[in-house]
Amino acid sequence: MIHNVGPVAFPIRNPRSYSNIFMATYTASWEEEKTGTPYSYRPAKEVHFQKTHSMPPQKSEIFKSLEGWAENNVLNLLKPVEKSWQPQDFLPQPDSEGFYDQVKEMRERTKELSDDYFVVLAGDMITEEAVPTYQSMLNTLDGLEDKTGVSLTPWAIWTRAWTAEENRHGDLLNKYLYLSGRVDMRTIEKTIQYLIGCGMDSKFENNPYCGFIYTSFQERATFVSHGNTARLAKEKGDIKLAQICGTIAADEKRHETAYVKIVEKLFEIDSDTTVLAFENMMRKKITMPAQLMYDGEDYNLFDHYSAVAQRLGVYTAKDYADILEFLVERWGVDKLTGLSSEGRRAQDFVCGLAPRFRKLEERAQERAKKYATIPCSWIYGREVQL
């Protein structure tokens, strides 16, 4: 007699990736059926074949030598807690006699916003809520680890304080979506749990050169995305939601400034290694950190969320190309001199990449006209156009 066994892994489409993502599913094994002992927990999506620790160990000394510079040029971009906004500043006051009226007024404002909009807003919130994963990822970067959890190196202080600032974003959007009544919060909460359990396919290789290039790109991408959700909310008359998204976008812009400055410094003192890391990350393609999201139903949930964001103009292939062009210009990549032959090839590659992505934008617009609608669990199974 043949019994069902697990785990079974199914590959998920992941173009331009150096890693493979698998959906892990389980059926009862003979051992489980006989003894009642459950299989150990496995993430819903598994990433295989990752490269690790690609930075030569001696390069860690560069980051050690930059601690004084980081103290003066990076930590000053953090805001004191007492001067920082908090989610409750933008939400109905629960101790107010008018709380229920405030919630009712808020719900009235959301009626002009489409289901598509709420799919994108929910996806943005889920991405923000996975901030524990992002802190973990930064702590895997060689030479920058917070080895005690309370380290006082500038790199460790930055990572913890950056995480604390970012944590407010998910808190605020989560509460807003809950009060709006427009989304299925239990399904969204399940998606968040799945995502944090799956982790993040960053492709950093534990290499801070790669890590800081990724975060420079990613923070600008989230600045663009939240800025566009603010614009769309304002167009539909929800000024409070526009203020919420705009405030989060301003945080992302400030964080982008910090990461861009770090990479700018790396180009100044170690241009060859930095341009090779830039090429490395761009060949693998920068993906949103929530790529492994799953709701228990849709294996391609991230692709579908991204397609809706593309169609609404929240985050597009054009934005990707614009960000790449911005970073190439900001870091003066086209003007670098004294590079090795490999460095010059990397320079040529990254400087010529943006036009290729602009062609992808044209193809994405064509695809958007052809895609059908699909049900989305975040909005109670109602259909959205991809």
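Helices, which are DSSP runs of H or I with at least four residues, and strands, which are DSSP runs of E with at least two, are numbered from the N terminus in the legends below. The model is predicted, so that local features need a pLDDT of at least 70 and side-chain atom pairs count only at pLDDT 80 or more, whereas totals for chains, interfaces and linings use all residues. Residues are numbered from 1 along each chain as its sequence is written, and side-chain values use heavy atoms, with hydrogens and water left out.

**Figure 1. The protein as a whole has 15 helices and 5 strands.** Of its 386 residues, 54% count as buried, a term that stands for under 20% relative accessible area, with exposed meaning over 50% and partly exposed lying in between (1.4 Å probe, protein chains only). The accessible surface comes to about 18500 Å², and carbon and sulfur atoms hold 52% of that area; accessible areas come from the Shrake-Rupley method with a 1.4 Å probe, and for residues only the protein chains shown count as cover.

**Figure 2. The largest nonpolar core holds 114 residues.** Such a core is a set of buried Ala, Val, Leu, Ile, Met, Phe, Trp, Tyr and Cys residues joined through side-chain atoms within 4.5 Å. Phe278, Met282 and Trp378 are the residues with the most contacts inside this core, and the helix that gives the most to it is H10, with 12 residues. In soluble globular proteins, nonpolar side chains tend to be buried together.

**Figure 3. Helix H5 spans residues 115-129.** From its first C-alpha to its last, this helix of 15 residues reaches 21 Å, close to the expected 21 Å, where the expected span is 1.5 Å times one less than the number of residues. Because 14 of the 15 residues of H5 are buried, the helix is largely enclosed by the rest of the structure.

**Figure 4. Thr133 lies in helix H6, which covers residues 131-138.** With a relative accessibility of 10%, Thr133 counts as buried. When residues up to four places away in sequence are not counted, Thr133 touches Ile196, Gly199 and Met200.

**Figure 5. A salt bridge joins the side chains of Lys284 and Glu205, at 2.8 Å from N to O.** A salt bridge is a side-chain nitrogen of Lys or Arg within 4 Å of a carboxyl oxygen of Asp or Glu. This pair links distant parts of the chain, 79 residues apart, with Lys284 in helix H11 (residues 271-284) and Glu205 in the loop between helix H8 (185-198) and helix H9 (208-235). Both partners count as buried, Lys284 at 3% relative accessibility and Glu205 at 8%. Glu205 also has a positive phi, near 65 degrees, in a residue other than glycine. Lys285, likewise not a glycine, has a positive phi of about 75 degrees; its place is in the loop between H11 and helix H12 (301-312), and at 26% relative accessibility Lys285 counts as partly exposed.

**Figure 6. Within helix H10 (residues 239-269), Glu256 and Lys253 lie 3 residues apart, about one turn of the helix.** Their side chains meet in a salt bridge of 3.4 Å, N to O. Glu256 is buried, with a relative accessible area of 2%, whereas Lys253, at 30%, counts as partly exposed. An α-helix has 3.6 residues a turn, so residues three or four places apart point the same way.

**Figure 7. Arg358 and Glu325 form a salt bridge, their closest N and O atoms being 2.7 Å apart.** Arg358 lies in helix H15 (residues 354-368) and Glu325 in helix H13 (residues 317-330), so the pair ties together parts that are 33 residues apart in sequence. Both residues are partly exposed, Arg358 at 26% relative accessibility and Glu325 at 38%.

**Figure 8. Salt bridges link Glu165, Arg168, Asp251 and Arg254 in a network.** The structure holds 25 salt bridges. Side chains of opposite charge can pair when their charged atoms come close.

Figure 9. A search of the whole structure finds 0 disulfides, a disulfide being a pair of cysteine sulfur atoms within 2.5 Å.

Definitions and conventions. Contact = heavy atoms within 4.5 Å.
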